[in-house]
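Have a look at the picture first, and then we'll go through it piece by piece.

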Amino acid sequence: MSTGSERKTTALVTGANSGLGKAIAAALAADGTRVGLLVRDRARGEAALQDIRASSGSDDLHLFVADLADQTAIRAVARAVQQRFERLHLLVNNAGTAFPERRLSPQGIECALAVNHLGPFLLTTLLLDLLKASAPARIVNVGTRITTALDFEDLNWERRPYRMLQAYGQSKLGNLHFTFELARRLQGSGVTVNCVFPGVFKSNLGGTDGAQGVFLKLFARLLGWAIPSPERAARRVLYLANAPALAETSGQYFGNRKTIAAPAQALDAGANRRLWRISEALTAEPLAQGDNDRLGASRRG
Ligand SMILES: NC(=O)c1ccc[n+]([C@@H]2O[C@H](COP(=O)([O-])OP(=O)(O)OC[C@H]3O[C@@H](n4cnc5c(N)ncnc54)[C@H](OP(=O)(O)O)[C@@H]3O)[C@@H](O)[C@H]2O)c1
């Protein structure tokens, strides 16, 4: 089912109730884009939607609720997006978080990997047909400089003591592996995918999951208190989303309007394909709770 004119540019932004995602959604709405706000908490989402409506004057805002740790919820929300939007021209995979201790998703996957990598992987692959049918379309993945090489032997943190920043960094490196492999697969489709480092900025990163203290200390040490706003950081993402010069650009890692070097691991095409195969296996339906067979297979793959 569609809502209004199908010619209007339509975007979906994950993590749109806070920080960078909210700033991106507000800027897109102010620019006349129909915006889907994907959030995990309905009340926080409603509050953000009201704020964005007030600041942008837009009435074309649509709330979608899903916990990106939960693949069942992702499948349901992807269906809801497909029903609500006849076209999708922009997907911004922005939602991200960290966990102070090892937690497992409903599918038995360590939560940083589940939310930060497998969540966008599954959501994007479920929406690919809609994006292709809407081409030209763009996917923007929000990455970070805090990356850690993936331990393919222990992606689920079963054999090592859990380390919050490493688990976060591993899952966020997954965003780059995903970007590069997806770009290869999307060649000629009219859909581009790029990853952006938004810089360091003020936000609630990790706050809902109890991990914010670590980020605040880290950022304060890096920058003192002169930390930019999410609105400023959003400009980098909006450039990738909108710049006419980037119409054909795909499979790149950007900082502030310029490409930046990706960590060596993410430039390994074999590793990119390997993570893709593992991600397919880990998001294949259904994965019973406690079923570690696929994780075992992924170690061998
Ligand atoms: N802040 C920085 O300096 C910085 C630097 C580099 C990269 N980044 C990246 O920027 C992105 C946005 O982060 P932010 O700094 O703006 O932090 P933020 O203010 O905490 O925003 C993160 C968003 O992701 C949502 N989210 C978290 N877990 C989720 C889940 N399981 N399901 C659905 N949504 C979920 C949050 O929802 P709730 O409000 O419900 O928690 C929130 O809307 C992240 O990908 C982060 O890695 C941030």
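Residues 24 or more positions apart account for 74% of the contacts in the chain with a separation of 6 or more. Here two residues are in contact if their C-beta atoms, placed from the backbone, lie within 7 Å.

A quick word on the ground rules. You're looking at a predicted model, where local features need pLDDT of at least 70 and side-chain atom pairs count only at pLDDT 80 or more, while totals for chains, interfaces and linings use all residues. Residue numbers start from 1 along each chain as its sequence is written.

The chain's secondary structure comes to nine helices and seven strands. Both are DSSP runs numbered from the N terminus: helices (H or I) have at least four residues and strands (E) at least two. How many of the 301 residues are buried? The share is 47%. A residue is buried if 20 or more other C-beta atoms lie within 10 Å of its own, exposed if 12 or fewer, and partly exposed in between, with C-beta atoms placed from the backbone.

**Around the ligand**

The ligand has 29 residues around it, and the closest are Gly15, Gly19, Gly96, Ser203 and Thr208. Helix H1 (residues 19-30) gives the largest share of the shell, three residues.

**Helices that pack together**

Two packed helices are described by the angle between their axes and the distance between the axes. Axes are lines fitted to C-alpha atoms, for helices over the stretch in contact, and angles run from 0 to 180 degrees between N-to-C directions.

| Helix pair | Angle | Distance between axes |
|---|---|---|
| H1 and H7 (residues 230-242) | about 65 degrees | 8 Å |
| H3 (residues 71-84) and H4 | about 25 degrees | 10 Å |
| H4 and H8 | about 80 degrees | 10 Å |

What do those angles tell you? Angles under 35 degrees count as roughly parallel, over 145 as roughly antiparallel, 65 to 115 as roughly perpendicular and the rest as oblique. So H3 is roughly parallel to H4. H3 passes H4 in a right-handed crossing. (A crossing is right-handed if the near helix is turned clockwise from the far one by less than a right angle, and left-handed if anticlockwise.) On the H3 side the contact uses Gln71, Ile74, Arg75, Ala78, Val81 and Gln82, and on the H4 side Gly119, Leu122, Leu123, Leu126, Leu127 and Leu130. By class, that contact has eight nonpolar, three polar and one charged residues.

H1 and H7, on the other hand, are roughly perpendicular to each other, and their crossing is right-handed. Gly19, Leu20, Lys22, Ala23, Ile24 and Ala27 of H1 meet Pro230, Glu231, Ala233, Ala234, Val237 and Leu238 of H7. This contact divides into nine nonpolar, one polar and two charged residues.

H4 and H8 are roughly perpendicular to each other too. Leu118, Phe121 and Leu122 from H4 meet Ser279, Leu282 and Thr283 from H8, which split into four nonpolar, two polar and no charged.

**A cysteine to find**

Cysteine 111 lies in helix H4 (residues 111-133). Is cysteine 111 buried or exposed? Cysteine 111 is buried, because 22 other C-beta atoms lie within 10 Å. Leaving out residues up to four places away in sequence, cysteine 111 touches Ala69, Phe99, Arg103, Leu104 and Ser105. Cysteine 111 and asparagine 156 are 45 residues apart in sequence and 8.9 Å apart in space, C-alpha to C-alpha.

Most residues other than glycine have a negative phi, and most peptide bonds are trans. Yet the bond from alanine 135 to proline 136 is cis, with omega near 5 degrees. Proline 136 is found in the loop between H4 and strand E5 (137-142).

Tryptophan 157 isn't a glycine, but has a positive phi of about 55 degrees. Tryptophan 157 lies in the loop between E5 and helix H5 (164-185) and counts as buried, with 20 C-beta neighbours inside 10 Å.

Arginine 257 isn't a glycine either, and its phi is positive, about 65 degrees. You'll find arginine 257 in the loop between strand E7 (253-254) and helix H8 (269-283). Arginine 257 is partly exposed, with 13 other C-beta atoms within 10 Å.

Methods. A residue is near a molecule or strand if its C-beta atom, placed from the backbone, lies within 6 Å of it. Ala, Val, Leu, Ile, Met, Phe, Trp, Tyr, Cys and Pro count as nonpolar, Asp, Glu, Lys and Arg as charged, and the others, Gly among them, as polar.
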